[in-house]
Amino acid sequence: MAAHTSGIRTFLQRHCSDPAALISVFEGEHRLYTLSANERLCSAGEEAESVWIVEEGQLKVLAGESIVWRGAGEIIGEMAFLRGQAKATPLRGNDVVAACRTKVWKIDRATLDGLDPTTRALWYETVARVLVTKLDEASLLRASQARDLADGDRIIERLVCPEGVQATSAFLLNGA
């Protein structure tokens, strides 16, 4: 298979139990798109009819400020794609912009609907593994932030007396 498909191959080898089955499907679709630097991939509020796998380059997910970066071998847009209610197309939650010249594989609902049931199940199993990995990463980050907050609370408790007088001021006034 073509050497130019390293991003999608990396993604599937990392998350899919049968990468070859999906590589052949997506390479056959010829859905590789190129974005220029600062070009918008999608906007918040748009219908989420596809996901993308970064082939090369880098994307910024924006919510006012940049909140996360996605590079080669990573999927983007899967949460919005899967979110939704019965008979309603899910909507994008954030803007996504190319940080530099970036190539992405577009995988849309029509492509997935056209897959045989076994291959479609393999795709959704792969995306589920990605979501579990991202959830694990978020849980670790949350635990780390909770520890940092607890450390900050302990420091504040040492510097502020129950009456609200700063212990550091008393410390400095007593010349200790």
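Ile155, Ile156, Leu159 and Val160 make up a nonpolar patch on the surface, and together they account for about 330 Å² of accessible area. A patch here takes residues with over 30% relative accessible area and no salt bridge, with nonpolar side chains (Val, Leu, Ile, Met, Phe, Trp, Tyr) joined within 5 Å and like charges within 9 Å. Areas come from the Shrake-Rupley method with a 1.4 Å probe, and for residues only the protein chains shown count as cover; a salt bridge is a side-chain nitrogen of Lys or Arg within 4 Å of a carboxyl oxygen of Asp or Glu. The model is a predicted one, so local features need pLDDT of at least 70 and side-chain atom pairs count only at pLDDT 80 or more, while totals for chains, interfaces and linings use all residues. Residues are numbered from 1 along each chain as its sequence is written, and side-chain values use heavy atoms, leaving out hydrogens and water.

Helices (H or I, at least four residues) and strands (E, at least two) are DSSP runs, numbered from the N terminus.

Now for the inside. The largest nonpolar core has 19 residues, and Ile53, Ile75 and Trp123 touch the most other members. At least two residues each come from α1 (6-15), α2 (19-29), β3 (50-56), β8 (102-108) and α5, with α5 giving the largest share, four residues. Such a core is a set of buried Ala, Val, Leu, Ile, Met, Phe, Trp, Tyr and Cys residues joined through side-chain atoms within 4.5 Å. A second, separate core holds eleven residues, including Leu35, Leu41, Val54 and Ile76. Leaving aside residues up to four places away in sequence, isoleucine 75 touches Phe11, Val51, Trp52, Ile53, Arg70, Trp123, Val127, Val130 and Lys134, a contact being heavy atoms within 4.5 Å.

As for the strands, four of them form an open sheet in the order β1-β8-β3-β6, with antiparallel pairing. The edges are β1 (32-35) and β6 (75-76); each has a single partner strand, so one side of each lacks a neighbour in the sheet. Strands count as paired if DSSP finds at least two bridges between them. β3 and β6 are joined by two bridges, and tryptophan 52 has isoleucine 76 as its bridge partner in β6.

Elsewhere, β7 (residues 95-98) runs antiparallel to β2 (residues 40-42), with two bridges; arginine 40 is bridged to valine 97. Strand β4 (residues 58-63) also pairs with β7 in the antiparallel sense, over four bridges, and leucine 59 has alanine 98 as its partner.

Terms used. Buried means under 20% relative accessible area, exposed over 50%, partly exposed in between (1.4 Å probe, protein chains only).
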